[in-house]
Amino acid sequence: MTMTDELQTFDGARLEALLGRLVGEVGAIYTAPLVVIGDGLGLFRALARGEPMTSTQLADATGTFERYVREWLAALAAAGYVNHEGGRFWLSPEQAMVFANADSPAFFLGAFETACALFAGREKMEAAFRSGRGVGWNEHDGMLYCGCARFFRAGYLQHLVGDWLPAIDGAVQALERGARVADVGCGYGASTVLMAQAFPNSRFHGFDYHEASILEARRAAERAGVADRVTFEVAAATDFPGRDYDLVTTFDALHDMGDPEGAARRVRSALAPKGAWMIVEPIAGDCLEDNLNPVGRIYYAASTMLCTPGSVAQDVGLALGAQAGELRLGQVVQPAGFRSFRRAAATPFNIVLEARP
Ligand SMILES: C[S@@+](CC[C@H](N)C(=O)[O-])C[C@H]1O[C@@H](n2cnc3c(N)ncnc32)[C@H](O)[C@@H]1O
């Protein structure tokens with residue numbers, strides 16, 4: 001069959017298979033706001049506490065309206081996100097890790113919050129597609145910032161201290177001795193706080209151009225008891241303050257920047273001669289075909305709605321996109337004067353790159 005034939009005729013079995021797949025996918029999309037509501041009202045946390053519960057017990061425990069709770073439980077049971085037997089509902093330990101425990105490395109709720117923020121941004125993006133203008137990181141629904149922070153934090157919890165920092169030559173030894181670290185594009189400061197908790201002899205400076213995120217990052221440092229060794233300041237990646245940093249880190253933020261080449265130049269000038277830049281980016285291959293998989297699908301969608309318009313909204317507007325890939329990132333970073341640039345580690349969601357002067 002030629003491509004033209006394929007466009008002119010349709011195959012009933014393939015159509016049925018596509019529609020069958022979409023029923024499952026649309027079900028997941030419809031469930032996303034319910035998941036976020038369940039988090040906000042404490043329904044997951046109550047269900048994770050122990051004994052299976054009826055809808056009345058769950059409503060009583062959370063101070064919510066039983067009829068809505070009953071319908072929510074039915075929807076979540078149909079989704080396979082909660083278990084049900086004889087009118088009682090409970091979370092398995094795995095479901096609790098994913099939906100109820102914010103400190104679990106498998107916590108996935110941030111992805112659902114981010115999905116809701118994408119929906120909320122639809123009209124702005126429709127207009128941006130027409131005009132070609134950017135939509136800044138600061139212009140989105142508030143759910144985005146918490147969702148994004150919680151989504152990425154799970155991976156940082158699992159890998160940052162145990163895997164990623166040890167993959168950067170000499171980083172752990174320097175951090176143990178006492179290093180100066182700049183975390184550029186720090187958002188809510190999840191990565192900054194985790195590093196500060198692990199390395200009390202070091203000093204950490206988080207920078208982000210989004211003021212609301214910096215205020216939240218300061219609160220996070222207070223809550224974690226590391227405010228004595230962490231500062232957070234509003235600053236753009238192209239002109240953040242300080243010099244002679246032993247380590248600069250950028251977590252899932254370089255591709256969001258309007259001028260990542262300018263950011264690379266600023267990092268280069270801010271590093272001590274033996275310092276290193278650890279760049280954590282969404283995992284991606286170098287060409288489209290490499291990324292046509294479930295993780296690439298999530299990142300391309302987020303990139304269309306968030307990362308690409310966020311970059312276009314800034315000076316230069318290079319618009320790397322969240323699936324730029326290692327080759328393209330190297331072209332952005334190396335001309336700033338980094339002699340070495342290599343992949344240090346990778347996980348299902350992230351690639352870790354090391355650049356050295
Ligand atoms: C996807 S979020 C990641 C935030 C955080 N690093 C994390 O992992 O949770 C991207 C962050 O990059 C920040 N950002 C984008 N462009 C920036 C720029 N030019 N200078 C500083 N921060 C920037 C955004 O404000 C946002 O907080």
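## What a left-handed crossing is

A crossing of two helices is called left-handed if the near helix is turned anticlockwise from the far one by less than a right angle. Keep that picture in mind as you look at the structure above, which is a predicted model.

## Helices H7 and H9

Start with helix H7, residues 109-120. The axes of H7 and H9 come within 7 Å and cross at roughly 150°. Angles over 145 degrees count as roughly antiparallel, so H7 and H9 are roughly antiparallel to each other. And the handedness? H7 passes H9 in a left-handed crossing.

## Helices H2 and H5

Now try another pair: helix H2 (residues 12-40) and helix H5 (residues 66-79). Their axes come within 11 Å, and the crossing angle is roughly 120°. That makes H2 and H5 oblique to each other. Their crossing is left-handed.

## Around the ligand

Let's zoom in on some atoms. A side-chain N or O atom of Asp 208 sits 2.6 Å from an oxygen atom of the ligand. Gly 185 uses its backbone instead: a polar backbone atom there is 2.7 Å from a ligand nitrogen atom. For Ala 237, a backbone N or O atom lies 2.9 Å from a nitrogen atom of the ligand. How much of the ligand does the protein bury? Taken alone, the ligand exposes 590 Å², and the protein buries 96% of that.

Note on methods. Residues are numbered from 1 along each chain as its sequence is written. This is a predicted model: local features need pLDDT of at least 70, side-chain atom pairs count only at pLDDT 80 or more; totals for chains, interfaces and linings use all residues. Side-chain values use heavy atoms; hydrogens and water are left out. A polar contact is a pair of N or O atoms within 3.5 Å; within protein, one must be able to donate a hydrogen and the other to accept it, and residues adjacent in sequence count only if both atoms are side-chain atoms. Accessible areas come from the Shrake-Rupley method with a 1.4 Å probe; for residues, only the protein chains shown count as cover. Axes are lines fitted to C-alpha atoms, for helices over the stretch in contact, and angles run from 0 to 180 degrees between N-to-C directions. Helices (H or I, at least four residues) and strands (E, at least two) are DSSP runs, numbered from the N terminus. Angles under 35 degrees count as roughly parallel, over 145 as roughly antiparallel, 65 to 115 as roughly perpendicular and the rest as oblique.
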